[in-house]
Amino acid sequence: MADSIKHLGLSGGGTKIHGLFAAAKEVMKNHGYYPDYYTGISAGAILAIPLALRLYDEIEAITSTLTLKTFFSKSPVNKKNKISIWAVLRATLGALGITKTNSLGEMGNLEPLLRKVITPERFKEYQESKETFISYVGYIDAKTAGRRYVNLKEVDYETAIKSIIASSSIPVFTEPVHIGGDIGIDGGVRDHIGTGWILDQIKIDKTISIYSRPESLEGYLDPIWKDKNFLGILMRTMDILLMEVSKSDEKIEDEICSNKKIGQKKIFLPKIMDGFYDVAPEKMELLYQAGIRNAREVMNQPW
């Protein structure tokens, strides 16, 4: 189908963004699959415009050197990827009304990073170029629980930046983002990936989804986990939520593709990182290589 309409969807994944990028680069740059439409949630939202502009080297320089300070001005977790006592103290002071804190951490470093990579000039280039794909990034309005998928080709620069940050703002762990009348929180609360949503909205002939989790979830959760304290329970709850939402999204995607006869490929990343804020360099490199390897294997298979 020479004129087929193509879609690429990237899931959320926290610091698994390096592996998600590796798979996306392999799909786009090395296999020539440049989509007409793109959907991104959380980490996938952060990558949307840089991928559209083919800023591969710049993205890799950032994602390969991730630390907690890349995103966080005040991190919700410590170096062991556990919720820190200082984060709990900050949140407690906010709950008591002593401070205005409403989350365990503050993602104050993401906005300047986005503005450095996605400058107003680059944003204008993205919007005006016919060679860049249409990107939808998803967040949730916490007031109404409604999905918000923002077309980055159709909004102003400030709304685009805020929408990307909102898509990445995990409730409790990071502060929500006010966008117009919305209180924006992580799109992953309802959609781990936006593929199912866009396949319901637009006629698509081919779609590729890149998931930050393994295809099989057997053993995904630590079987010897114990409920030692409420912080561990909170982290466990987030892991279960991510797993169940992602499984549901995949099932919806499969059903739509089957019913509408849409060509479909799915790429999965292995479980390497210990939680969604793990920034161990050796694990990120392993995930990066796995992203390339798994994407290459899938792309070499027929539709």
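A cavity is a set of points, on a 1 Å grid over the protein atoms alone, where a 1.4 Å probe fits but cannot get out. The structure here is a predicted model, in which local features need pLDDT of at least 70, side-chain atom pairs count only at pLDDT 80 or more, and totals for chains, interfaces and linings use all residues. Residues are numbered from 1 along each chain as its sequence is written, and side-chain values use heavy atoms, with hydrogens and water left out.

A search of the whole structure finds one cavity of 30 Å³ or more. The largest cavity holds about 160 Å³ of space, a volume being the space filled by probe spheres set on the grid points, which are joined across faces, edges and corners. Its lining (residues with an atom within 4 Å of a point) has 13 residues, and Ile46, Leu47, Ile62, Leu113 and Val117 lie nearest the centre.

Which helices each supply at least two residues of this lining? They are helix 2 (43-52), helix 3 (56-63) and helix 6 (110-117), where a helix is a DSSP run of H or I with at least four residues, numbered from the N terminus. Helix 6 gives the largest share, four residues.

Helix 6 also packs against another helix. Its axis and that of helix 8 (residues 157-167) come within 10 Å and cross at roughly 130 degrees; axes are lines fitted to C-alpha atoms over the stretch in contact, and angles run from 0 to 180 degrees between N-to-C directions. Contact (heavy atoms within 4.5 Å) involves Leu110, Glu111, Leu114 and Arg115 of helix 6 and Tyr157, Glu158, Ile161, Ile164 and Ile165 of helix 8.

Notes. 1 Å grid on protein atoms, 1.4 Å probe; cavity = no way out; pocket = protein on both sides within 12 Å on 5 of 7 lines; lining within 4 Å.
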